[in-house]
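Reader: Could you walk me through how the helices pack in this one? I'd like a close look at a single pairing, with another alongside it if that helps.

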Amino acid sequence: MDNIFDVKGRVIVITGAGGVLCGEMARALAKAGAKVAVLDLDERAAGKVAGQIGGAGGAAVAVRCDVLDKGSLKAARDRVVSEFGRIDALINGAGGNKKEATTSPEMSFFDLPPEAVRFVFDLNFLGTLLPSQVFGKVMAESGSGVILNVSSMNAFRPLTKIAAYSAAKAAVSNFTQWLAVHVCRNCSAEIRVNAIAPGFFLTEQNRFLLTDEETGELTARGKTIIEHTPAGRFGEPGDLVGTVIWLLSDAAKFVTGVVVPVDGGFSAFSGV
Ligand code: NAD
């Protein structure tokens with residue numbers, strides 16, 4: 001039987017791929033035989049991930065790219081096409097929260113600075129929409145492709161403290177459905193758009209909320225998350241890989257417009 005999960009030879013662009021979760025996706029997809037374009041605002045982080053892939057015998061190109069700048073995205077698209085000749089998939093991974101857009105004993109909701117709220121909203125929502133325009137157009141021209149967005153638990157039900165991040169990821173989930181319908185009806189039924197909603201993974205963007213900066217111990221919030229995760233632990237970046245490969249491959253060829261939780265059961269648990 002053919003391997004319906006095969007991603008060998010596919011050219012996969014990943015934004016935010018210098019980061020913790022998308023760096024792991026990049027390494028895993030390259031190991032599965034995909035050609036990976038590692039896009040990140042942080043050139044060194046992108047170079048490190050691409051170097052790890054190359055060192056392990058995989059194919060990768062590192063490209064500095066700002067997902068909020070269409071010129072930068074177009075230059076990245078041209079670089080990827082000149083390197084690999086085509087684009088089969090886009091993972092919109094760049095995103096995250098910011099301390100300044102988070103309520104705390106020092107920062108009341110009533111004082112949240114609009115510029116911090118805008119930063120978080122733009123990074124997550126506009127930073128998904130703009131790459132989908134630039135790379136999605138290539139897919140529309142070729143008639144096939146897959147876009148995979150990265151939403152979050154807070155899109156289903158908002159989490160305390162992170163108003164901007166919750167609203168932005170809710171927008172990402174909503175846009176996933178919108179774009180899935182739009183491209184099918186206006187471009188090609190061979191273009192799919194889905195999202196994963198990771199549960200809780202300890203990374204740089206949430207470390208300040210989940211662990212004590214001085215002791216490294218779990219905060220009360222970190223403990224509450226573990227108590228509400230039936231699997232009883234934070235996710236490991238590798239936990240996302242199977243779902244990502246499924247959604248990018250032909251195994252999911254009739255799946256579009258869905259947001260798949262990868263959360264150790266967090267979204268299913270009422271807390272009782
Ligand atoms: P991370 O901070 O390790 O990675 C994010 C990467 O995005 C960084 O390498 C950063 O340089 C890059 N980036 C930031 N701004 C950019 C820009 N303007 N243009 C291009 N690249 C930019 O974070 P992570 O935890 O690995 O998060 C990856 C994705 O997963 C994000 O969308 C995040 O919101 C989402 N997510 C994370 C969790 C979690 O628990 N960590 C849960 C749900 C969703």
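**Helix packing**

Author: Let's start with helix α4 (residues 114-142) and helix α5 (residues 163-186), whose axes sit 8 Å apart and meet at an angle of about 15°. Bear in mind that this is a predicted model. Angles under 35 degrees count as roughly parallel, so α4 and α5 are roughly parallel to each other. As for handedness, α4 passes α5 in a right-handed crossing. On the α4 side, the contact comes from V117, V120, F121, N124, F125, T128, L129 and S132. Facing them on α5 are A164, Y165, A167, A168, K169, A171, V172, F175 and L179. Sort the contact residues of α4 with α5 by class and you get 13 nonpolar, 3 polar and 1 charged.

Now put another pair beside that one: helix α1 (residues 20-31) and helix α8 (residues 241-248). Here the axes come within 10 Å and cross at roughly 60°, which makes α1 oblique to α8. The crossing of α1 past α8 is right-handed. From α1, the residues in contact are E24, M25, A28 and L29, and they meet V241, V244, I245 and L248 of α8. By class, the contact of α1 with α8 has 7 nonpolar residues, no polar ones and 1 charged.

So that's the picture: α4 and α5 run roughly parallel, while α1 lies oblique to α8.

Technical notes
Residues numbered from 1 in each chain as written. Predicted model: local features only at pLDDT ≥ 70, side-chain atom pairs only at ≥ 80, totals over all residues. Heavy atoms only, no water. Axes fitted to C-alpha atoms, helices over the stretch in contact; angles between N-to-C directions. Helix = DSSP H or I, 4+ residues; strand = E, 2+ residues; numbered from the N terminus. Parallel < 35°, antiparallel > 145°, perpendicular 65-115°, else oblique. Left-handed = near helix turned anticlockwise from the far one by under 90°. Contact = heavy atoms within 4.5 Å. Nonpolar A, V, L, I, M, F, W, Y, C, P; charged D, E, K, R; others polar.
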